[in-house]
Amino acid sequence: MDRCHLVISLWSLLAVWGVDGYGHYRTRLPNGERVGHPCKPNFIWKGVGHKNVKGGGPRNSFGLDFAANNHQWTPELCRLDSDEDGVSNGVELGDPDCEWTPRTLPNRTTDITHPGVCTPFGSAGCQGKNDWVDCTGAVLECPALENPDTLNVTLQFPRTAVPAKETTYMCMVFDMPSDVDHHLIGYKPYIDNDNVMHHILIYGCDDSDAPLPTAPYQCGMNAANSCTTMIGAWTLGEAGDCLDERFGLLFGKSRYSRFALEFHWNNPSERSGWFDASGMVVYYTTQLRPNNGAVLSVGQTYLEIPPGKEATTFTSRCSSTCTNAALTGSIFISGGTNHMHYLGTAQSVELIRDGTRLRYITNDLVFSYDDPKFYEFDPPIEVKPGDELLTTCTYKSTNSRKTVYYGDATSDEMCYGYLWFYPSEAMSEPYCDTYKSVEICAVKTRSVVMAGCNALDFVDGKSNDSMMIYDDIDVSCTNWTSCSESCRTAVKKAMDHPCLKGGDITDYVNSLLNTTQLGRDFLKTLDLCKPTKTSTNTACTRTARDTGISLVVTLTLLVLANA
């Protein structure tokens, strides 16, 4: 390691230690990693004993009491009311009987309040006690937005009722100026109800002729069939985005005459009576920049995180096979960010060439969902056809009571890296995700066979052997309430097919089949007449939320539907 890299590494370690060097103290407190910010809904206060939400610096009243108690949770500290709001530390942290011990689950894991901040926040009883608490949000700094030729439009939902359920995906499509081509150069959120807003995505809509909804509608993780290319994203802790001056995101006359906004509302208390009219302010210009850009998504779409673990790690490899198939030339990455939820503790995306790691593109040694880090590169990072991108995500589940799977709720998890790159023409479909060890981008070429299985040809019946299997099951298994001898024979023959024999490719095939009624009926028949007591697969017995079907899988199904 040369001197420059050594100095950078040392500063990186010091920076991490300054923020989270004493993060292990949180594990000495009941729900120490679940304490919310009193005036920023959906934010976690990581430095529970400090005035700085990230930790470090002056202590708050609870931090002073905790330090005086030798940084230990004891019945005496539990019964104190450090912030003098009339509620004991134990009640605020979910240990009302002062019985909690480290490495056990507290009596209560919901409705946790901050033992060092007077609550209810803003009440008469707390007047003057919380003046040190910062309730302001991040501010977008982007000089390009002040240029005379920069235009803007606010894409905003009308006042819309928020369903009384934990997770809702709500979408709306907007017409965009399309008389000439424009470059999107930045955006920032307009948040109306921060009690429920989790994140917002912007999609470009390709088909300008197809009818699309003009009012908000529940959409799952899929805005619309023609609105599938992500061109912007905002999540908690971010101020918005200011794109690198070397590129813009093309829309208007040539493509994307409409944008779709996708909201993720997070309402874990399932409260009714809430409304939201949030949106995004989009900045654009007719003075086109040198390149057209796009957002590349890499990551793992199957997660299964057991409870009570200090560290569980998943990886996703965008292999040389994928980049050779997807790239027509080099792309240049100008920035990137990591995305997990609250169990995420560390994440990285590595660039690998000829089996050797060239560098980290992103590398969050300490990941914070509430305080995402955005990496910028000048000069940009070149990715060539044949290179590999390795995404690694690590989770801590010591406070979980059940296994956590991939999913859209904040109580679920994700593992994505988002990389801004140019030119967009070099990669027409900017997704390189995996389902377990299955490389979805390779599968989508239909030329890649994994363990003898061409997954898409099998699922959509385009191969002769899959058509024969579907026809045989249909004829032999007319009564799905019982297993006839002819049905048992047909099922046994079907399960000898490489796509159904087992392993990751079978789980992937089953996850695709599970998204249609015909596919679910087919899997139901296989389970009914399976030759052993072991289920044909785990994926087909889970809900869609648990199978880990990603945006990329959704896009795959759209390709199948239109093939």
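Predicted model: local features only at pLDDT ≥ 70, side-chain atom pairs only at ≥ 80, totals over all residues.
## A tour around strand β10

Residues are numbered from 1 along each chain as its sequence is written, and side-chain values use heavy atoms, with hydrogens and water left out.

**Stop 1: the sheet**

Now show the strands (DSSP E runs of at least two residues, numbered from the N terminus like the helices, which are H or I runs of at least four). Two strands pair if DSSP finds at least two bridges between them. Tyr169 stands opposite His264 in β10. Next, select β5 (residues 197–205), which runs antiparallel to β10 and is joined to it by eight bridges. Here Gly204 has Phe259 as its bridge partner in β10.

Zoom out and you can follow an open sheet of five strands in the order β6-β3-β10-β5-β7, with antiparallel pairing. Its edge strands are β6 (217–218) and β7 (227–235), each pairing on one side only.

**Stop 2: both sides of β10**

Nine of the nine residues of β10 are buried, so the strand is largely enclosed by the rest of the structure. In a regular strand the side chains alternate between the two faces of the sheet. In β10, Arg258, Ala260, Glu262, His264 and Asn266 point one way, and Phe259, Leu261, Phe263 and Trp265 point the other way.

Tyr256 has a positive phi of about 55 degrees although it is not a glycine, and it is buried, with a relative accessible area of 3%.

**Stop 3: rings**

Show the aromatic side chains: a search of the whole structure finds 18 aromatic pairs. Rings of Phe, Tyr and Trp (its six-membered ring) pair if their centres lie within 6.5 Å; planes under 30 degrees apart count as stacked, over 60 as edge-to-face and the rest as tilted. Select Phe157 and Phe263: their ring centres are 3.9 Å apart and their planes at 15 degrees, so this pair is stacked. Phe157 lies in the loop between β1 (150–156) and β2 (160–161) and Phe263 in β10 (residues 258–266), so the pair ties together parts that are 106 residues apart in sequence. Phe157 and Phe263 are both buried.

For charges over rings (NZ of Lys or CZ of Arg within 6 Å of the ring centre and within 35 degrees of the ring normal), select Arg159, which lies over the face of Phe275 at 3.9 Å from the ring centre. Then try Lys40, whose charged end sits over the ring of Phe43, 5.7 Å from its centre.

**Stop 4: two cis bonds**

Finish with the backbone. The peptide bond from Thr119 to Pro120 is cis, with omega near 5 degrees; Pro120 is found in the loop between α4 (89–92) and β1. The peptide bond from Asp378 to Pro379 is cis too, with omega near 5 degrees, and Pro379 is in strand β20 (residues 374–383).

Note on methods: Buried < 20%, exposed > 50% of the residue type's maximum accessible area, 1.4 Å probe, protein only.
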